[in-house]
Amino acid sequence: MKSLEELIGEHPLLAGFAPAHLALVAGCGSNTHYGPGEFLCRAGQPAQHFFLIRRGTVALELEIPGRGPFRFSTVTAGDVVGWSWLIPPYEWQFDARVLEDVSAIRFDGACLRGKCDADPALGYALMKAFAGVLVKRFMETRLQLIDVYGRRD
Amino acid sequence: MAAATERACGTSPLLPHAWRVAEAWRETGDVVTLALEPAAGDGACDWQPGQFNMLYAFGVGEVPISVSGGTSRRLLHTIREVGPVTRALGALAPGSIVGLRGPFGTAWPLREARGRDLVIAAGGIGLAPLRALIDTVCRERDAFGQVAVLYGTRSPADQLYGPDLDRWRRAGLQVEMTVDHADVDWRGPVGVVTSLVRRVRSDGQRTTAFLCGPEIMMRFMARELEQAGVADSHVWVSLERNMQCATGHCGHCQLGPVFVCADGPVFAWQHVRRLLTVRAL
Ligand SMILES: Cc1cc2nc3c(=O)[nH]c(=O)nc-3n(C[C@H](O)[C@H](O)[C@H](O)COP(=O)(O)OP(=O)(O)OC[C@H]3O[C@@H](n4cnc5c(N)ncnc54)[C@H](O)[C@@H]3O)c2cc1C
Ligand code: FES
């Protein structure tokens, strides 16, 4: 069986991380599994974790009062769920509902923040990795907002 | 334009030829496919995937529409109803006559992609100009490595060609679909089509990509593919501009130094990427 360090080193978010950094990050992670209908997180709750998805599908949703849940994205193997653990007030902004059995590595946000504060090189590497994810999500959100397939009039 | 040895759809590229609507069916709420056969009975039209015809709805106007499949004697055109001409075409019943000129323009350069992995990415109605290309790939499956078809639409109800998508999967293609918006009953992926690139199993360095859809979608897609290691010389896009003559004479479809009707509509991304960022071009 692969070690947690090996598993996270294979995930696109952390590919290219130095072995020493992978070992530090792995120290804050654990393997988890969720079944369909379970939630990785719910909007408004404290964001104590983030997840690297290894298998399965997760729907990211916002509850719209009077309209119910609005699904704005689905994520799958190779994706990341959650950056609220990085930024105050450390609170989830959306629901992450499992659609198909999920295997993920769950990271303790406070543990990682502590390690990043103690080792700025690790903090910078992790920030760069998350900035990449955020930029991609922003671009995708912009494309969704433009409604590219709508009529031009 | 079609080479001299090939049969054009009519006697002159400037003269609409009569073709009859043999069948018409609705693909989605605002998309119709017309199957056209030569009205005279003896006509034929040798087209290649990526090329288009000018379809004339009598008394309304003429528009460029890609060939989405069929044979030389039965042409399929899939039309999204966005304005007067496309609505008039979409309303035609079997037996109606349309004027047809073509085929025009460049084809997808599939021969040059033999032996390589393929990413074929479509947005919305952009799957129509790619459908015949994908069918050819299925017929010649062994000539290519990994083949991924990435398809994005606005909503599940806008997805075209359901049976074809299943058929392509059975032929060994990786078919990934996503929608921009869906309610929670939808079980498939939600997100823009560019987000599907990370699911592709092919090797960027050995990949040729064919893209068709709204220009902005193709720009983002080309960027995403570049990040995945695909060289811009191996990315091909199909462009749209308003057209009139379709023969490279009137200048209506001009995009900087190129005429989309004659030099395109299929272009190497490396040749047009700069032009598409020039405002008002
Ligand atoms: C080479 C080429 C191949 C094409 N192939 C196809 C095809 O296979 N199927 C197909 O449905 N269309 C295709 N098109 C687009 C098609 O030609 C146009 O949609 C058509 O010319 C619109 O004419 P209209 O008179 O119906 O609407 P117009 O009066 O020209 O336009 C009505 C409204 O729709 C908007 N509009 C125009 N074109 C589009 C568009 N493409 N997408 C969204 N909004 C638009 C206009 O801005 C306007 O607001 C192709 C275009 C080109 C250049
Ligand atoms: S449409 Fe006339 S030059 Fe292209």
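This is a predicted model: local features need pLDDT of at least 70, side-chain atom pairs count only at pLDDT 80 or more; totals for chains, interfaces and linings use all residues.
**Exercise 1. Work out how domain 1 and domain 2 of chain B are placed and how much area is buried between them.**

Step 1: Find the pieces. Domain 1 of chain B covers 17-103, and domain 2 covers 111-238.

Step 2: Get the spacing. The C-alpha centres of these two domains are 25 Å apart.

Step 3: Check who touches whom. Using heavy atoms within 4.5 Å as the cut-off, 15 residues of domain 1 of chain B meet 12 residues of domain 2 of chain B.

Step 4: About 940 Å² is buried between the two domains, and carbon and sulfur atoms give 61% of that. On the domain 1 side, B:Thr28, B:Pro49 and B:Ser68 supply 41% of the area buried against domain 2, more than any other three residues.

**Exercise 2. Describe the contacts across this interface, then the side of domain 1 of chain B that touches domain 2 of chain B.**

Step 1: The rule turns up zero salt bridges between domain 1 and domain 2 of chain B.

Step 2: Strand 1 (17-28), strand 2 (31-38) and strand 6 (74-80) of chain B each give two or more residues. Strand 6 of chain B has the largest share, with four residues.

Step 3: Sort that side by residue type. You get six nonpolar, seven polar and two charged residues on the domain 1 side.

Definitions and conventions:
Residues are numbered from 1 along each chain as its sequence is written. Chains are lettered from A and ligands numbered from 1 in the order in which they are written. Side-chain values use heavy atoms; hydrogens and water are left out. Domain bounds come from an automatic or database domain assignment. Buried area is the accessible area (1.4 Å probe) that two parts lose on being put together, summed over both. A salt bridge is a side-chain nitrogen of Lys or Arg within 4 Å of a carboxyl oxygen of Asp or Glu. A polar contact is a pair of N or O atoms within 3.5 Å; within protein, one must be able to donate a hydrogen and the other to accept it, and residues adjacent in sequence count only if both atoms are side-chain atoms. Ala, Val, Leu, Ile, Met, Phe, Trp, Tyr, Cys and Pro count as nonpolar, Asp, Glu, Lys and Arg as charged, and the others, Gly among them, as polar.
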